[in-house]
Each structure stands twice: as C-alpha cells, then as structure tokens.
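Please go through the briefing below with the sequence and the model open.

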Amino acid sequence: MSWEEEASQLGNDVSKLNIDAPVFVPGRNINAPAFVPGQQTFTPQAPAQKQEPSVGTSNAEEAMEEDKPASSNDNTTAAAAASVSQVKDQKMDSEQSEPSLQSHLMKSVKDSEMQKVASNASLLSSDADKGDDEAPSSRSAKADTRKEHLSLVFVGHVDAGKSTIGGHLLYLTGMVDQRTLEKYEREAKEKNRETWYLSWALDTNAEEREKGKTVEVGRAYFETNKKHFTVLDAPGHKSFVPNMIGGASQADLAILVISARKGEFETGFEKGGQTREHAMLVKTAGVRQLIVLINKMDDPTVQWAEQRYEECKSKLTPFLRKCGFASSSLYFMPCSGLTGGWLRDSVPEDVCPWYRGPTLLDYLDQMPTLSRLSDAPLRLPIADKYRDMGTIVMGRIEAGRLKQGDQLLMMPNRVNVDIVGLWWDELDVSQAESGDSVKLKLRGVEEEEVSPGFVLCHQPTPCHVTDIFDAKIMILEHKSIICAGYSAVLHLHTCVEEVSIKLLICILDKKTGEKQQVRPKFLKQDQLAVVRLQVKGGNICVECYSEFPQMGRVTLRDEGRTVAIGNVVKILPPTTSVSTD
C-alpha cells in the first residue's frame, strides 16, 4: 500500500472516532475504570517522511516548485500532504488537551465515588444502630427540623366570611398564586359574584360556588415563619352542623368569625344563630385556643368604628367564658377578609387608630407549643375514605406515631392493613406523629369495608370496642324532660351513630361534682348527669376521656339542635360479639 493510500485510510479512521462520547461513571462497582474521551486504544502512525530542510532551502524549493507545471499526480500529492498535516495538528492538539481533561475527569469521578462510599458506610452504620426492623428514613433529618404543626378550623354563622378569610390567607402565604386568583375573579364576575372569588380557594365544588355556602369541610394548609397550619373550613349553615363537628374534632385551635355588619352580628348571636352553637361545639370538641375575628370592619355600616367592635366584644365575652374558655384562651381582633386588613398587613393608623396589636398571621406564628401524646399508643380515627388506585383514608393522629410500611389493625372489624403510602398535607413523607393530619394508602382492605369512625391502631394496643358505655353529660337545650329510652344522634370523634339512653344513673352537682340524686326518673335542661348510652348500630371505637381526651368527647344532637355534651367515664363489655377475624 502506497503512502497516499495510507494517509487517506488514516483520515477515514480518525473521522470515525467517537471523541464526543459521554463520561462513563461506574455505578456500584467502585473499582471499574473511568472512560475518558480522546484516550483511544488505536494510535494512528504517520507515514515515514524525509527530513525537513532548513528555512532558506525550503523557500528556494518552494519557488522552484511554483515554476514547474502542475499535474494530476502533483495535485494528489498535495492533497495527501495536507491531510497528513491536518491529522498531525489534530493529534498534537488532542495530546496537549488530554492531560488536563483526563485529570479533571478522573478527579470528579474519584470525588463522586468517595462520596458514594462514605454515604454507604454511614447508611450501613445507621442501619446497624437502628436494627433490622427499622428501615432508614429519607425524612428523618427533615422531621427533626420541620415546623410545628397546628390544625385550625374556621367556625361562625353563615355568611360571616369564613371561606373568604381562609382563601385570602392562602393567597397571602403563597399557597394560591396570582394567576389562579385572577381566574377565580373572572369566573365570579361572570356569575355576578364579584366578592366571592377569594372563598373559591376553599369552596371547590360547583354547588358551594353557586350558592355561596360551604357544605363540606374544606381542607388546605399554609406556613408561617415558625409553624405549619392545616386549615379546616367548616360550614356555617345549621343544616350542616354535623359536618362542622367532624371538622372541629380535628382542630387544635378555632377562629370564630363574627360579622360586624349591622344586623348580621345580631342574627348570628341571637338564640338559634350558629355563633352560639359553634362556639360551644368547638369547646366540646377539645379546641384549646379561640381567636375571635370581628370581620367586615370595612363595611359602609361600620367603617372601622371602635364602638361597633367593642359592642360585639362585650356581648361575646360573657357567653364564651360560660362555654369554658378562660381569658387567656381568648383573643379578639378586627379584620377585613375582603381587603386583607389585619390578616398579614396592618391597617393605616388614620383608618384604624384604636387597634395597633399583632396581625392574624403574626399572632398565629407566636402561639405557644402544644403538648402531644406522641408516646402513647396509636389512635387514628378515620374521617374520610375514597378509592384512587387503592384504598385511601384520611384522618388526624390523636395519639402515637406511625411510619410507612407499618402493619396496623383497623377497629372495630379487626382487619390487618399495611401502610403503602403516607401523605402529610399533600406532602409525601415516611413518618407522622400525634397532631398530624394525614392521608394513608392501605393494602389489605377494600374501600367498601371502611367507614368514617373506624380507628387505626397498632396490633399490640388496640382501642376499646363496645356498644354500651357510661357518659357524664350536660343537658343544654331541650323543651321537655329526658327519660330512659330517649334517642339521639351521637357524635364521638369522627363516629356518628344513633344511640338511646338505657339508664339514668345519677344527677351531679354542677359546682362540686358530687351526687345529688341516684337513679332519677328524668332529666331536664341545665342538669349534669351520668347516663348509660346504648349504640343501636353495633360496636364502635371508644376510649375513656381520662386516657384519650379526643376519643372520649360526646355530643348528642336531636332535631337539628345540640341537646347535650359530655365525656365518656366508663366502658362496659359489648352486648354483641366482637369479630376476631
């Protein structure tokens, strides 16, 4: 083969080299060598050439060559020489750049491998410390530093502005963006509901948006500088009080929204209004702190008048203290849910000079830390359920903690289930503890087999299951007397069942708690008594108030009114057999 053919073959071979190949980084085999582009196993050999003459000789010969006539053979020779020269230049450039490129790539690969080895070593050591029964949690570091979690529920009379305030808070904290809010505003304007657009962030279904009334408990969340809040927007209409009770049973604190508009406050606070009933029910549900928002202070009938604010406050304070709220558990604040005044930003002093306290978000952020039953046995009452590629249940952990992969016992039907998915306010997490509102994906049970009021427990410590128990109740409102055999609707955590009073045990003194009368024949309004309740629908999950307060609070309702409130004092053996399948 002539040297011209060798040069041509050499050019073809060089053009086929894949010098742009990506770097191969070894996976689990840390001893695998790294592939560095440009370092090829095939090294082309340039053909032997004559010794190059000196500079002067080269110039003379070039002049002589220019005088010679050009021929086809000379053209071929020149092209081959140019190709060889180009290949030599490329090779020299690659040889000069290869050392720095190779050292840089080898250094990065070595660093990544060292990091991987170090992380594997730390992972193995942590697994050895934890034991074989606990897998390493990707959220363990985040769980230690995450913000304190609180659940708050908006309650109050219908049309007081609960959903509007909740939607505005979501917008101010960045949970609803400006584009979405503008879309809601356009849609509301098309329906001649210009002032309702903020409430649509929580009122999501068509019925609620069409009528402007919340039906189901809306759920959302937002964060302040120090805390993470789960928002529960309870309905205010008297027809949906059972839904409101379900939302209040999952809350740590409540925001009672009052309309300062002329006539609206009086309607809500008068006998039969929902302001009184909601305040009483949130206290019965175990809410520890109550914030009273005097809303619609920007209304033309109010115009941020201090006199109207003090009028509402003076009428509410005695009633709320009668419900059981101490002065330290109450805080009054003016606001405007539509304009956002005193929600995040303060109102100018020339508009509202008489209140210069904290805004709502500032006050929420400064709330003290609440105590939790994190070390107690697990109790998770199921509030809702649906099907989405499996069985999904929702609820609030009242006591204990759980993690993804745990095997739980669902009571009262005693079904073993596995947690295959865990979400905390739409965030995918690996563990949760007391106070967290969670969503679980369960394996081992069908959606039809789950009902609200069922409770998830760990297998060694199941909750009590019965259909008969003793409760201490206060008769709030009832026109006639109550005797044995009286039927009502029981609200117990997330459970709603029909019950009957089987036995009147005794009447207690409201101040001392001592027995006044044993085995009375009847009860009447404003009396405190111990009664025996029989569940008509079968066994339910129940705990004594002294052990698990949130699992032992009782509310009795009849004909759309709250008849009695109280707590469980004694659990009796069930009259019907408990399934052990």
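**Helix packing and buried elements**

Helices α10 and α11 (residues 306–323) pack with their axes 9 Å apart and at an angle of about 35°. Axes are lines fitted to C-alpha atoms, for helices over the stretch in contact, and angles run from 0 to 180 degrees between N-to-C directions. Helices (H or I, at least four residues) and strands (E, at least two) are DSSP runs, numbered from the N terminus.

This is a predicted model in which local features need pLDDT of at least 70 and side-chain atom pairs count only at pLDDT 80 or more, while totals for chains, interfaces and linings use all residues. Residues are numbered from 1 along each chain as its sequence is written, and side-chain values use heavy atoms, with hydrogens and water left out.

**The α10–α11 contact**

- The crossing of α10 past α11 is right-handed (the near helix is turned clockwise from the far one by less than a right angle).
- Thr275, Arg276, Ala279, Met280 and Lys283 of α10 are in contact with Leu316, Phe319, Leu320 and Cys323 of α11 (contact means heavy atoms within 4.5 Å).
- By class, the residues of this contact are six nonpolar, one polar and two charged.

**Helix α8**

- Val241, Met244, Ile245, Gly247 and Ala248 are buried in α8 (residues 241–248) (buried means under 20% relative accessible area, with a 1.4 Å probe and protein chains only).
- These buried residues line one face of the helix, because they fall within an arc of 160° seen down the axis of α8 (the arc is that of the directions from the helix axis to the C-beta atoms).
- Among the elements covering the buried residues of α8 are β1, β3, α10 (274–284), β18 (487–492) and β23 (553–558).

**Helix α5**

- Ten of the eleven residues of α5 (residues 162–172) are buried, including Lys162, His168 and Leu172.
- The buried residues of α5 pack against β1 (148–156), β2 (218–223), β3 (227–233), β4 (253–259), β5 (289–295) and α12 (360–365).

**Strand β8**

- Strand β8 (residues 391–396) is largely enclosed by the rest of the structure, because six of its six residues are buried.
- Thr391, Val393 and Gly395 are buried on one side of β8, and Ile392, Met394 and Arg396 on the other.
- β8 pairs with β7 (residues 380–387) in the antiparallel sense over five bridges (two strands pair if DSSP finds at least two bridges between them), and Asp384 stands opposite Met394.
- Three residues separate β7 and β8 in their hairpin, and Met389 in the turn has a positive phi of about 55°.
- β8 also runs antiparallel to β14 (residues 437–443), joined by six bridges, and Lys441 of β14 is the bridge partner of Ile392.

Notes: Buried means under 20% relative accessible area, exposed over 50%, partly exposed in between (1.4 Å probe, protein chains only). Ala, Val, Leu, Ile, Met, Phe, Trp, Tyr, Cys and Pro count as nonpolar, Asp, Glu, Lys and Arg as charged, and the others, Gly among them, as polar.
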